[in-house]
Every structure is written in C-alpha cells, then in structure tokens.
Amino acid sequence: MLPFSYALRNLFRDPVRLLQTVGGSALVVLLMMTACSLTSGMRRVLGATGSPRNVLLLGAGSEENVERSEILPSAAGIAETSLRGISAPLNQRAVSPEIHFMTFLEVDGFPRRQARVRGVTPKAFLTYPGVRILAGALPESGEILAGRLAWRRLNLPKDLLQPGARLRIDGVAVSVSAVFAAPGTVMESEIWADLDDLRTFAKRDTLSCVVLRLGDAAFQDIDLFTKQRLDLELSAVRESDYYGRLAEFYAPLRTMTWITAALVASGAILGGLNTLYAAFASRIREMATLQAIGFSRAALAFSLVQESLVACLSGTLLASAFAIAFLDGRTATFSIGSFILEVSPGVALTGLLTGSTLGLLGALPAAWRCLRPPLPEALRS
C-alpha cells in the first residue's frame, strides 16, 4: 500500500481544486443535516404533543380536524359527572372544555398575523401537566397566555408577546398576562385565551372539544360513553392518535424536503465527478510509473479514494461545526406550530454518511478511468 502521506501531499497539489471539493462537500452535508433536523424535529414535536393518557371528545364526523369540530357546551359537564376513573389532582377532575380557533392577531406597527388561539379554563393545567408558567400570572378576562415560541410562529419581535404587552384579537384589545412553556409540543406556538372570551371573539355557542385525562379509566370506557350518549353526537379519539394522523398528513412535506436535498446532493456528486476526472486524468502516467515499480492497481485505487475521502470528510467536519454553531437551537415553523432544531446523534450520523458517500462516489469512477489503460499505453500517454 502507498503511505497515507502520499495521498495528503497530492491533495495540496492544486489548492483551488481542494477548496472546491471541501466547500462543495460541506454545503451538501450541511443541506442534508438541515433536512434531517427539520424532518425529525417536525415528527418529534407532533409525537410529543399527543399524550396517550389524554382523550379528545370531538364532534362525530370531525375526528380529523379539531377546529371544524362542534359539540354542545353541556358535553363537558355530562362527561365529567358520568365517567369514572378520570384523573383528579387536587380533587379536581381533569376535564378541559376547549375552543380551537384560527383568527387574526394585530400588533401596532405590524401587519396582522393569523394565529392559532385555544380557549381554555384553568382546568387545562390539570389536563396538560407539562405546561408551566414561565413569567407572569394566570389570565383574567381580557387577558391571554402566550406560548414561548408564539413570537416565532407569528414572526414578531419577542418582546411584543411578553407579560404586559398589548395586542388585538379580531379587533378586540387584550393584554398578555403570562408566557408559558410546554416543552417539545406545538402548544408552545399557541395563544391561550379565556374560554368565555374566545367564545365571544369566535361568535360561537359550541365547543371544539373536551379533553379528558385518564386515571384508572381505559380508553374503551370513554369510547363506550360516546356510543351510549347518541344525543351528544360525540366521538372519542386518543390525543396521541390525533397528532399521529397529523404527522402522517405532513409526511409529503418531509418527503419533499428529502427529495430537494437529494437532488442538490446529486448535482454535487456530478460536479465532484467532473472535478476528479480532470484531476486524475493528468496523473495517468504517474499511476503507470507506480505500477511499473511494483504497486498494484488496487493499492493505487485505494490511495485515490483516500484523497477524495479526506477532502470530503474535511468538508463534513466543517459542515458539522457550522451546524452546531448556527443550526442547533434555532426555531423552525410550520402551519400549526414551531419546533427547535437539534443536531442530534442521528443528524450527525446523516452528515457523516453523506460525506463518506460523496468521497466514494466521487473517487471510484475517476480512479477506474485513471487506472484502466494498459501499462504500456499509460506510460506513453
């Protein structure tokens, strides 16, 4: 085998080509890491939002979209008094009547934004035990709670959704009483308002859903209740199943992200092939001379692959450093929420595999072309 130092010396024969290879591979690896972080983050936030212990009571026929669901306001009280085994922390049953509403939010000096507003009562904190108030106090009438990522979802400065800030929902002035966190869920991108206030804003008498948190009860008990009370026209759906179906709905978006990244990577591979073809073609006689003094073609091919891998993996290292510095911890948004990008071990492995693939696919065809001519012909080239 040729010494590794031979491959390293050859890399610096042409600094411009080296910079092209390292820079091109870094861009491709960074793109693939970004695509992986986006798709995994979207899947993670939708999977974490739905709790298997929570059950949604929705209007029959509206199991796919809580915003289109309509149920009677009395359904919450009937379910609370009729069902056994509901979780009851602090001797209060975890039954949360809610209205989910898409409306317009206005802040002075900015265009109006479409916001996802959830009308709740204080019992929502029993149903969603992961929700925590970060700053401020529980809202009263005319006040709202803002998720800690809502400012990103609405593309507003962060200080405009802090306690004390004033804004308008459907033209009605409200103030922010607190900022809450619900780590890893789409709720962090929502605005929470008093249920009665939102009923006024939305001009509706019905609820969107009732959320129950199970204690000793099983989902089948809730499902049986909805089938027995046909007058309420209810349907029971596990919250985890509801958000699981949402994740399937966004699957084409994730697929398009991967397809776009793969197309760009394919272009980079073809560009790398062209660069290495040109670089290796000028070394046919050199390779023939090395064969003449006893090195095998396999050893020479391995050395050429080493050159390509070192350059591409250097680009991978550069892309990984950039991702950790500028991608990790950033917030990305989609139609129903926001999530924080993470450079997880899976994302890092994707970058490493991409860099290695670029190095191998770029080097092997060019090395084959360089070493294919018979030895006498190569020596005379």
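This is a predicted model: local features need pLDDT of at least 70, side-chain atom pairs count only at pLDDT 80 or more; totals for chains, interfaces and linings use all residues.
Residues are numbered from 1 along each chain as its sequence is written, and side-chain values use heavy atoms, with hydrogens and water left out. Local features require pLDDT of at least 70 and side-chain atom pairs pLDDT 80 or more, whereas totals for chains, interfaces and linings take in all residues.

The chain holds 13 helices and 12 strands (DSSP runs, H or I of at least four residues for helices and E of at least two for strands, numbered from the N terminus). The radius of gyration is 30 Å, well over the 21 Å that the globule rule gives for 381 residues, so the chain is more spread out than a compact globule. This radius is taken over C-alpha atoms, and the rule is 2.2 Å times the number of residues to the power 0.38. Along the principal axes, the C-alpha atoms fill a box of roughly 95 × 50 × 30 Å. Of the 381 residues, 48% are buried (under 20% relative accessible area, with exposed over 50% and partly exposed in between; 1.4 Å probe, protein chains only).

The largest nonpolar core has 46 residues. Such a core is a set of buried Ala, Val, Leu, Ile, Met, Phe, Trp, Tyr and Cys residues joined through side-chain atoms within 4.5 Å. Leu46, Trp192 and Phe334 touch the most other members. Helix α2 (residues 15-49) gives the most to this core, with 11 residues. Another core, of 42 residues, lies apart from it and includes Ala150, Leu212, Ala217 and Phe219.

Beyond its neighbours within four places in sequence, Phe334 is in contact (heavy atoms within 4.5 Å) with Met42, Val45, Leu46, Arg153, Val186, Tyr250 and Phe339. Both Tyr250 and Phe334 are buried.

Eight aromatic pairs were counted. Rings of Phe, Tyr and Trp (its six-membered ring) pair if their centres lie within 6.5 Å; planes under 30 degrees apart count as stacked, over 60 as edge-to-face and the rest as tilted. The rings of Tyr250 and Phe334 have centres 5.3 Å apart and planes at 90°, so this pair is edge-to-face. Tyr250 lies in the loop between α8 (239-249) and α9 (251-281) and Phe334 in strand β11 (residues 331-334), so the pair ties together parts 84 residues apart in sequence. Phe322 and Phe326 form a tilted pair, 4.6 Å centre to centre with 40° between the planes. These two residues are four apart in helix α11, and are separated by about one helical turn. Phe322 is partly exposed, at 43% relative accessible area, as is Phe326, at 47%. Ring pairs also link Phe125, Tyr128, Phe180 and Trp192 into a cluster.
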